[in-house]
Amino acid sequence: MINNLQDTIELNNGIEMPGIGLGVFQVENDATVEIVKNAIEVGYRSIDTAAIYGNEAGVGEGIKQALASTGLKREDLFITSKVWNAGLSYDETVIAYEESLQKLGLDYLDLYLIHWPGKNKYAESWRALEDLYTAGKIKAIGVCNFNISHLQDLINTASVVPVINQVEFHPRLQQVELRAFCKEHNIQLEAWAPLMQGGLLEDPTIAKIAEKYGKSNSQVILRWDIQNGVVTIPKTVSKERMVQNANIFDFSLTEEELQVVNAMNLEKRVGPDPAEFDFML
Ligand SMILES: NC(=O)c1ccc[n+]([C@@H]2O[C@H](COP(=O)([O-])OP(=O)(O)OC[C@H]3O[C@@H](n4cnc5c(N)ncnc54)[C@H](OP(=O)(O)O)[C@@H]3O)[C@@H](O)[C@H]2O)c1
């Protein structure tokens, strides 16, 4: 289990990934600059963006400014982006990767993910990711929103097993079977919408635990993530809340408290269901 904001977990290809990162979904490009700079300055080392978020340029500028202000080096950071559904052919994926690098102003990514499986679209895209990875252009490759059937299908033909499956995961959607499958295949689960996009911040069951430790609901949920070995990437635009979300290493949930949160599971989503989601923009 990780013990501080910069602590890492080892992925199945030996690459180290911070257990906590900052997500920047639904953040305007211009605003992203300051937010990413703040995050790195307060100690975050992992940033999660995607081509479809439209803020890769802002992330890149924030990184550039943070490297200048902190003296950190590019290799101290762990940067993730994702290829969007609209272009999952082999060639489109290679071009999308180059475009993401260009917008970010980087010459490699630590992690590149297929954003959604779509319907039978991911095989070619995965082949492109494998080639980019084998050529040394990406440190690690993975997927998002893959169900067991998608993963099984991919693994059957892939030469590289995904390092990560980034899925919606929070106390109301605990993905019990998928987590077990990922564990069995040494695929790290990463939580998107760990805070249920804000939906659990007033939840009374979590608030009761939070009160005991003098913590917020957000901190209890993120602590539950790390005690479960799940990589988590809460999004916030606020520097204060970034610090708060990372201040989860001075308390520990008891076995009983973990079970109380586990019992909240309803397998309820706030985002789309990957079994049906196939839209393009
Ligand atoms: N692969 C995928 O398909 C996929 C899909 C969705 C998201 N993601 C990734 O996962 C990341 C996280 O998910 P998410 O952004 O959807 O939702 P989230 O992290 O569960 O929730 C973000 C919400 O919680 C609020 N918040 C954060 N910390 C808080 C705190 N300490 N106190 C009170 N409110 C707090 C934020 O508001 P403020 O900003 O105002 O603080 C925001 O409204 C995304 O940013 C993105 O990088 C991936």
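The structure is a predicted model, in which local features need pLDDT of at least 70, side-chain atom pairs count only at pLDDT 80 or more, and totals for chains, interfaces and linings use all residues. Residues are numbered from 1 along each chain as its sequence is written, and side-chain values use heavy atoms, with hydrogens and water left out.

The protein chain contains 10 helices and 10 strands; these are DSSP runs numbered from the N terminus, helices being H or I of at least four residues and strands E of at least two. Its radius of gyration, 18 Å, is close to the 19 Å given by the globule rule for 281 residues, so the chain is as compact as a globular protein of that length. The radius is taken over C-alpha atoms, and the rule is 2.2 Å times the number of residues to the power 0.38. The C-alpha trace spans about 55 × 45 × 35 Å along its principal axes. Of the 281 residues, 54% count as buried (under 20% relative accessible area, with a 1.4 Å probe and protein chains only). Among contacts (heavy atoms within 4.5 Å) with a separation of 6 or more, 75% link residues 24 or more positions apart.

Strands of a sheet pair through backbone hydrogen bonds, either parallel or antiparallel. Here, an open sheet of 8 strands shows parallel pairing in the order β3-β4-β5-β6-β7-β8-β9-β10, where two strands pair if DSSP finds at least two bridges between them. Its edge strands, β3 (22-23) and β10 (231-232), each pair on one side only. Strand β10 is joined to β9 (residues 188-192) by 2 bridges, and Val231 in β10 is the bridge partner of Glu190.

Within this sheet, 6 of the 6 residues of β5 (residues 78-83) are buried, so the strand is largely enclosed by the rest of the structure. Phe78, Thr80 and Lys82 lie on one side of β5, with Ile79, Ser81 and Val83 on the other. Strand β4 (residues 46-48) pairs with β5 over 3 parallel bridges, and Phe78 in β5 is the bridge partner of Ser46. Strand β8 (residues 164-168) has 5 of its 5 residues buried and is therefore also largely enclosed by the rest of the structure. Parallel pairing over 2 bridges connects β8 with β7 (residues 138-144), and Cys144 stands opposite Gln166 in β8.

Key
Buried < 20%, exposed > 50% of the residue type's maximum accessible area, 1.4 Å probe, protein only.
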